[in-house]
Amino acid sequence: MRVLIAEDDVTSRSILQAVMGKWGYDVVTASDGETALKLLQQPDAPKMALLDWMMPAMDGIELCRRVRAVETADPPYLILLTARGEKADIVAGLGAGADDYIAKPYNNAELQARLGVGQRVLALQERLRRALADAEQLALTDALTGIPNRRAIMARLQSEMARGGREKAALWVSILDLDHFKIVNDTFGHSAGDMVLCECAQRIAGVIRPYDAVGRFGGEEFLLVLSTPGTALFKDAFERVRGVVAARPFLAGQTEVTVTVSQGVAQWNGAETAAELIRRADEALYRAKENGRNRIEYTPQAPGE
Ligand SMILES: [Mg+2]
């Protein structure tokens, strides 16, 4: 584990460096507070630091404050090393953001033990950080199909709206519904239906462009979000999605079954809410179902129709 030692006294620094090297730490040193701060702000900065209180350029207290002012998911563990052992000093040091302090002259066994505490805290912090990242990922993923869930795709739509408002890009959504999906479930069972939903999600995700998005909106409904600078490309994109589903049969349990999708597409008018936009797409979807399924209906009508 890499540890930073910030200490202006050459002798103290050398002794610390030697003893900590012997304990297996990978030691980085600084002889003033400003250099220490730079080292702690590097991308691959040491996760633990032993900071002298009295240093030129910036003292250990200010250094703690500056490090803590930066919000990060994995803050370093800071130990103040100080000859100032008054209670008020200790309170000031911890208040400035130090995790621990060691009074000079220090005892080697105690120093080693406190570094061990720091490692335990850092290990916990890392586990927590990973668990939160996993939980966040799970909260945005549809458990069955592995694509973004309703919350995630709606968040994507909202951010595209915020961006589109500035960049004047054309924004399109499609509500996509599997045709006669109830028959698949009723005939082949729900696990076969789940297989169809999964493959459908994979096929759609496979044909959209990297900057487009698809999410499971609910049941057998998906929401496509397309952001296109012109109007020329969007029809091809929706048609590709329709085509890739209808192109070949799906495996439903032991049987192959033909599945098609209907889509209702709406272009954002630049003023309406996400809910209003989706309501218009839903109306177009209703028309697609009425007009024979396995088709795309636009609202308003697509240019050239
Ligand atoms: Mg000093």
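## Basis of the description

In this predicted model, local features need pLDDT of at least 70 and side-chain atom pairs count only at pLDDT 80 or more, while totals for chains, interfaces and linings use all residues. Residues are numbered from 1 along each chain as its sequence is written.

## Helix H2 and its buried face

Helix H2 spans residues 33-40, and its buried residues are Gly 33, Ala 36 and Leu 40 (buried: 20 or more other C-beta atoms within 10 Å of the residue's own, with C-beta atoms placed from the backbone; helices are DSSP runs of H or I of at least four residues, and strands are E runs of at least two, numbered from the N terminus). Seen down the axis of H2, these residues fall within an arc of 60 degrees, so they line one face of the helix, the arc being that of the directions from the helix axis to the C-beta atoms.

The buried residues of H2 pack against strands E1 (2-6), E2 (26-30) and E3 (48-52), and against helix H3 (60-69), where contact requires C-beta atoms, placed from the backbone, to lie within 7 Å.

## The five-stranded sheet

An open sheet of 5 strands runs in the order E7-E8-E6-E11-E12 with mixed pairing, two strands being paired if DSSP finds at least two bridges between them. Its edge strands, E7 (213-218) and E12 (296-299), each pair on one side only.

Strand E11 (residues 261-267) pairs with E12 in the parallel sense over 4 bridges, and Gly 264 stands opposite Glu 297 in E12.

Methods:
Buried ≥ 20, exposed ≤ 12 C-beta atoms within 10 Å, placed from the backbone. Contact = placed C-beta atoms within 7 Å.
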